[in-house]
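Have the viewer ready and follow along.

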Amino acid sequence: MVFVSQYVTQRDARWFERPAEFDPWRWTAGFADALPRHAFFPYGGGMRHCVGYAVATAELRLALVACARRFRPTLPEGSPLAAWARNLGRPPAGVRLRLEAA
Ligand code: HEM
């Protein structure tokens, strides 16, 4: 029996820069595509795999929407996001939003 730990693999600095840091911005399409197979495998992999993957993914999106609806995001003064919107490129990383209860 071979056990492979998501906790250990997904905190390996060979695949994830600053692995202990919560950094959603690392997940660009290019980053995900360049990862070796099974460097990130929250739903398992190989012969065994989570059968609820699609349900879980849809549920997570719905939960995010339900949470987001409770807040109104506003741009802090001087945010670079306003300049980005005019240029229509990719949003710069590290843009901060202020959340106020809706
Ligand atoms: C974020 C949510 C979820 C995560 C991260 C997750 C992750 C996993 C993982 C790691 C396994 C073990 C795969 C293996 O044996 O190596 C598994 C198995 C399984 N999951 Fe999930 N799961 C999630 C949600 C769900 C949901 C919503 C359902 C049902 C609707 C579900 C149903 C199952 C079932 C039935 C198995 C056993 C499959 C088998 O033994 O062949 N999971 N899941």
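## Around the ligand

Pro-42, Tyr-43, Gly-44, Arg-48, His-49, Cys-50, Val-51, Gly-52, Val-55 and Ala-56 surround the ligand; a residue counts here if its C-beta atom, placed from the backbone, lies within 6 Å of the molecule. Two or more residues of this shell come from each of β2 (48-49) and α3 (53-68). Helices (H or I, at least four residues) and strands (E, at least two) are DSSP runs, numbered from the N terminus.

By class, the shell holds six nonpolar, three polar and one charged residues. Ala, Val, Leu, Ile, Met, Phe, Trp, Tyr, Cys and Pro count as nonpolar, Asp, Glu, Lys and Arg as charged, and the others, Gly among them, as polar.

## How to read the model

This is a predicted model, in which local features need pLDDT of at least 70 and side-chain atom pairs count only at pLDDT 80 or more, while totals for chains, interfaces and linings use all residues. Numbering starts from 1 along each chain as its sequence is written.

## Overall fold

The protein has four helices and four strands, and along the sequence they follow the pattern α-α-β-β-α-β-α-β. Of the contacts with a separation of 6 or more, 42% join residues 24 or more positions apart; a contact means C-beta atoms, placed from the backbone, within 7 Å.

What share of the 102 residues is buried? The figure is 0%, where buried means 20 or more other C-beta atoms within 10 Å of the residue's own, exposed means 12 or fewer, and partly exposed is in between, with C-beta atoms placed from the backbone.

## Helix α3

α3 has 16 residues and reaches 22 Å from its first C-alpha to its last, close to the 22 Å expected at 1.5 Å a residue; the expected span is 1.5 Å times one less than the number of residues. The number of buried residues in α3 is zero, so this helix lies largely in the open.

## Loop residues

Arg-18 sits in the loop between α1 (6-9) and α2 (29-34). Its phi is positive, about 40 degrees, although Arg-18 is not a glycine, and the residue is exposed, with 9 other C-beta atoms within 10 Å. Glu-21 also lies in the loop between α1 and α2 and is exposed, with 8 C-beta neighbours inside 10 Å. Glu-21 and Arg-11 are ten residues apart in sequence and 9.4 Å apart in space, C-alpha to C-alpha.

His-38, in the loop between α2 and β1 (44-45), has a positive phi of about 70 degrees without being a glycine. With 13 C-beta neighbours inside 10 Å, His-38 is partly exposed.

Technical notes:
Contact = placed C-beta atoms within 7 Å.
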